[in-house]
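This report considers the charged side chains of one protein model. Please keep the sequence and the structure in view while reading.

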Amino acid sequence: PDGEFPQLCNMGLVGLETIETDEEKEEVYNFIKEHVDYTGSSVGQSMLENWDEKVKQFVKVMPHDYKRVLAERAAAAEKSKAA
């Protein structure tokens, strides 16, 4: 929330992305809800109650190599569809 994470992260290995799609937002919401259900976490409950604001504070940590592999696989799938 304080914007400190990027300074503490090894940006040479990973990139930081926003959580943009509704599918991603729902997945994170469900992870937090499950955590609250199992633990009774008041912090998690507060996040769920203020979800529209809290979701903006999350970042997706994406390793550069993994992102490259995903892009290569997507390109290969498109190429095979075109053939």
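## A negative surface patch

D22, E23, E26 and E27 together form a negative surface patch. Patches are made of residues with over 30% relative accessible area and no salt bridge, like charges being joined within 9 Å and nonpolar side chains (Val, Leu, Ile, Met, Phe, Trp, Tyr) within 5 Å. Helices are DSSP runs (H or I) of at least four residues, and strands (E) of at least two. With a relative accessible area of 64%, E23 is exposed; the term means over 50%, buried means under 20%, and partly exposed lies in between (1.4 Å probe, protein chains only).

## Basis of the model

The model is predicted: local features need pLDDT of at least 70 and side-chain atom pairs pLDDT 80 or more, while totals for chains, interfaces and linings use all residues. Residues are numbered from 1 along each chain, and side-chain values use heavy atoms, without hydrogens and water.

## Salt bridges

The whole structure contains 6 salt bridges, each a side-chain nitrogen of Lys or Arg within 4 Å of a carboxyl oxygen of Asp or Glu. In one of them, K67 pairs with E17, with the closest N and O atoms 2.8 Å apart. This pair links distant parts of the chain, as K67 lies in helix α5 (residues 64–82) and E17 in strand β1 (residues 14–18), 50 residues apart. Both residues also take part in a salt-bridge network with E24 and K60.

Another salt bridge joins D37 and K33, at 3.3 Å between the closest N and O atoms. Both lie in helix α2, 4 residues apart, about one turn of the helix. D37 is exposed at 56%, whereas K33 is partly exposed at 37%.

Key:
Areas by Shrake-Rupley, 256 points an atom, 1.4 Å probe, with all protein chains shown as cover. Lys, Arg positive; Asp, Glu negative; His and termini not counted. Charge placed at Lys NZ, Arg CZ, Asp CG, Glu CD.
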